[in-house]
Amino acid sequence: MTAHIAPLPADLVSPQTERPTVLAVEDLGLSLRNADGLLPIVTDVSFSIREGEAVALVGESGCGKSITASAIMGIAPDNAVITGTITLNGKVISGLSPRDRRRLCGRHMGFIFQEPMTALHPTLSIGRQMTDTLRHNLGLSHGAATDRAAELLGRVGIPRARDILKGYVHELSGGMRQRVMIALAISCGPSLIIADEPTTALDVTIQAQVLDLLDDMRRELNLAMLFITHDLEVVGDFCEKAVVMYAGDVVERGLSADVVRAPAHPYARGLIDAVPAHDDGRTRLTPILGTVPPVGQWPEGCRFAPRCSRADGQCGTRPSLERHGPTDARCWHPLETMP
Amino acid sequence: MTLTQATSPDRLPGGDEEAFVTTNKTVWQRLLANPTAMASIVMLAILTLSAVLAPLLAPGNPLRVSPADRFIPPGAEHFFGTDNLGRDMFKMVLHGGRTSLFVGLVVTAISMSIAVVLGAISGFYRQVDVVLMRLVDGLMAFPGIVLATAAAGIMGPSMTTVITSLSIVLIAPSLRVVRGQVLVIRELQMIEAARAVGVPTLRLFTRYILPAVSSPILVQASFIFSAAVLGEAGLSFIGVGIGPKELSWGNALTEARNYIAQAPWIVLFPGLALMLTILALNLLGDSLRDILDPRLARRR
Amino acid sequence: MSTETVLSVAGLSKSFRAVKAVRDVSFSIPRGKTFGLVGESGSGKSTTARLVLRLVEPSAGSISFRGMDLAGLSSGDLRAERRHMQMIFQDPFGSLNPRMSVRDTLVEPQLVHGIGTPAEQLKTAERLLAEVSMPRAALDRYPHEFSGGQRQRIAIARALATNPEMIVADEPVSALDVSVQAQVLNLMRDLQDRHGTTMLFISHDLRVVQFMCDEIGVMYLGEIVEQGPRDRIYGAPAHPYTQALLVSAPGKAGGQRARLKGEIPSAHAVPSGCAFRTRCPQAFERCTVEKPVMRDLGGGQKAACHLLDGAVAA
Amino acid sequence: MLRYLGKRFLLILPTIFVPLILVFLLLRLSPGDPAGMMLGDQATAEQIAALRTQLGLDQPIFVQFLLWLKGIVTLDLGNSIFFREPVMQIIPRYAGVTILLTLVALTLAVLIGVSMGLISAMNRNKPIDRGVVTTAVLGISLPEFWFALLLIFLFAVTLRWFPVAGYNPPSAGIVAFAATIFMPAMALGVRQSALMTRMMRSSMLDVLNEPYITTARAQGLPESTVIGRYAMRTAAMPVITVAGLSAGYMLGGAVTIEIIFALPGLGRMLVEAVGRRDYPLVEGGVLTISLVLAVLNLAIDLIYAILDPRIRYQ
């Protein structure tokens, strides 16, 4: 799918194809304040997304990818302390008041959650939820909002849109629910969509449909998209760039084709090797040993070192995110890039 | 087949000590660290001790009438004053606590035991459940006061009467809680897993279900205790509880209300003692729930 | 190489009131082999797993385990027979009793089946821990002290405690992170090799099934639509649904956009004729009126589709 | 919707019949004979026997019960033994007071409970929240009859705003009615309002953690809409359940308050009637309470069905 947009290396992009940056995250850090002080959850996260571009934020559970998204949305928990800069369409939004941040939601940023069943209101009709958003953000009349809502539902491939508007979330199938969620997210014309594991809860065949729909929407509306997932294989298909997170850190960053095919960081490599591929005929998988260290128990230096076969004394100090071959990696002993 | 020690390659380099997830604190540690729980336990301890030790702390018959000492306000001689019959209120309150706590304890024990047995059965056998729950619905709709009054009529007002009628009335809410919990536990995968292992039904009850419902039972018990104390006082107050010859906080208030203008202290002290007891039990129930159910705990 | 059949089910069906969750499922597993059931939600694969163990009572059909009809056993005999068939569940957080230490958890199956003296039971528990690569110190700990992967190892150890002939594994790794998945999958294969256990493996993940299984049944709306040896299913899928599943899986798209249309119908309203026809890109009239029967395609591969008429292998 | 309500209605029937059977048996089992009581100590055995026959007390219990059931269906509850007039005429005189008292107390409790709970949840862990939480736990620990005495001491004895006891019906003017209903309603409602405060608070805090609230916020909806429309809609449900239980509790528990404030209510009438062995009146009173409760429960089911579309389809 990525073949439609030439995956040129960043430094080779010509000025004509240069698209404006929609979201830029620089040195984002997030800690939770609790009785014992500050507990770091995410450190030094930097990446950017351009118009029409999909960037994947990849990692296992507990790596901090979802809370990074909530920091960008401005809906992080009350006890979160956020550092770094978040820039949306050239405007720094990280310093804005919660009220001003809320104004950006819907109109400038749209969100898609993992579980549409719980992310949509159980006892308000689909139509009510959509028109509330449209009327508030775009100032539409009730009639205009209803028309627009029906049009949006049609656009995301929902038949009999007018009937569905009167219905409730529990009456829909999983795939339809996620389509409604997508319609809601794009309803007020945002330039950025943040999708948090949007297909994880869906069946394989439905997953494929929803991914296609998201891809179509991105192209048609020229959306910047932050795609949060634990599945590297989805990344290769769907996103131009990938940011791999481990224990609150960005460990690898680059074009997703490069990250999936020839990662420099041993963790990224490990993630790929741990998954049985369809036709490799292996009788053993290559797991990453041990488990992800829980928040608050991160090792000093490189956080992956205790599970890494390449680790040595140097890994006791924290590496920085640097270019190794085609990608950026936070590693003292990156893997050789395969030709 | 040979069962040799496996030397799995899926082992961390440099040792087999995989880090365990941090151990949670024990219930006791959390109880000690919870100020509300400790406060309620201390309150209950004081109330229990003063009831148990009443004959030592306030010796003499609390019901002894002394017409010469009527309506003496609280002071050094009579800490809580005297009532319309010249009885010492301090003595009455201390001795009255014996009744309240005793009735509460016995009623809780009876109604919770029956509720646990019936709740376990009801949670496991659908047919029984349908009938039992409709009965419980009906019982909840039946005004307890009519039951108590009728019981007092049948058996005469006495401690036994009060305990019987309160136990019957409080079985219904307890049974609902226990049954609800059993239903939740029954659907857990660990029960299916135990069945798959071949664990027999009785063992399933004792080893898997009962331990799992013990926490909510404990919480419910403290609320039932407080309801029983309140119930006894209420019934005695309107004269269908423990007989007029016995001493109880509720009894003490029956007469007191006629003298509220002259001697408000006769109303104040028994009621205050009653309220503190109920408060301590409610606080204990609340904090036990917080401690035993971490999901709810984060709210408070 | 013995080809003795350990499990053989025929015509297995289960209805919950009006919902036909499992319809006419038949397959058999030779000793030491792994049979995989793969399908999407509502395909009835997990119900089939429970039917096989009679954790759910079948509405119809026979379950022959070690030459004995499980469906006809009394509850007492069934319980005794459970010693030889164990299960591993999806949720490593829910399937262990939080109030039982690892020691108790591993001793429990031996205890209820009267295997060994207390000292022997403890020894077995220690051995089981070692087999799943857990330190001995874990014995006195409780489930909440372990990570998901560690708990799943304990669950596997429990399943092995009675030295069963067959293990039914229901989505054993789908609740785990990918890196941990690989550890558990490797472990399960090792243990199977070592003990010669027969396995019924349920998963929605085609990659995992391909890695684990010798033979595979693809389920859709309560039925097996295609079954056969792994290489045939993945190399030459015959049923349009199998083909679509393989194409839909992530990492397989490669520019292909041959997606299935529509949603999985509800099990309350299974389409007439071929259940898959509402989503099948190649459906035609006959699919609406006539239910396709399983056709032998040779090499152990079978599929139920009208398109395969006349395609019977020579 | 109608089917749902029909089903609820069937479920509510036991709440009418169980109390009836219970009270019937209870009265018949209790010693003391209404006939003997009516005629006094000087009555001869023959006189008593004659009266027993007249009252139908010489029939077997189940015949008496059937006769009485027939009476209910034909709206003839018999004559009160004490008042010597039809029960159907006596009950309304007393029931009105109790129902009004319950309604006023319930309204007070809901108003106080919902607003306090909401304020508390919105200011979680701030001083105001702590204040409300503390007050609420004191409130649920407050014995109603004692609180009633305190109210009398404060408002009637000290401030002299309201009469100590007595009752003016609404027909006597709203101010006169309010003066006699305020203290009883406060006393009856205080614990329930504290319960509702706690329920509202915890239910609101629960709902605020739901993903759909995050969605509403992420759509840019203002906090007032998020709370007032999206959160309140679901958070109100458990409070409605509690309101139903509270109403039932108040109906049954009003007796103490009625005695303290000398209100001519159903509860007081019942207790007196039990004392007098006035079987028909007691049975009529219990029937009335059960019926009012049943209607109330149906009303709550209706509100539920309106607020929650999921219920209508079950």
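How much area do chain C and chain B bury between them, and what percentage of it is on carbon and sulfur atoms? Chain C and chain B bury about 3500 Å² between them, 52% of it on carbon and sulfur atoms; buried area is the accessible area (1.4 Å probe) that two parts lose on being put together, summed over both.

This is a predicted model, in which local features need pLDDT of at least 70 and side-chain atom pairs count only at pLDDT 80 or more, whereas totals for chains, interfaces and linings use all residues. Residues are numbered from 1 along each chain as its sequence is written, chains are lettered from A and ligands numbered from 1 in the order in which they are written, and side-chain values use heavy atoms, with hydrogens and water left out.

**Chain C and chain B**

The contact (heavy atoms within 4.5 Å) joins 44 residues of chain C to 32 residues of chain B. The rule finds 3 salt bridges across this interface, a salt bridge being a side-chain nitrogen of Lys or Arg within 4 Å of a carboxyl oxygen of Asp or Glu. On the side of chain C that touches chain B, at least two residues each come from β6 (85-88), α3 (102-112), α4 (118-131), α5 (148-160) and α6 (178-195) of chain C. Helices (H or I, at least four residues) and strands (E, at least two) are DSSP runs, numbered from the N terminus. That side of chain C comprises 15 nonpolar, 14 polar and 15 charged residues. Here Ala, Val, Leu, Ile, Met, Phe, Trp, Tyr, Cys and Pro count as nonpolar, Asp, Glu, Lys and Arg as charged, and the others, Gly among them, as polar.

**The two domains of chain A**

Chain A is divided into domain 1 (18-239) and domain 2 (249-277 + 285-330), with bounds from an automatic or database domain assignment. Their C-alpha centres lie 27 Å apart. Domain 1 of chain A gives 15 residues to the contact and domain 2 of chain A gives 18. The two domains bury about 1400 Å² between them, 59% of it on carbon and sulfur atoms. A:Thr43, A:Glu60 and A:Leu232 lose the most area in domain 1, together 37% of what that side buries.

Across the domain interface the rule finds 1 salt bridge. β2 (37-50) and α9 (232-238) of chain A each give two or more residues to the domain 1 side, and β2(A) supplies the largest share, 9 residues.

**Salt bridges by residue**

| Residues | N to O distance |
|---|---|
| B:Arg203 and C:Glu108 | 2.6 Å |
| A:Arg318 and A:Asp44 | 2.7 Å |
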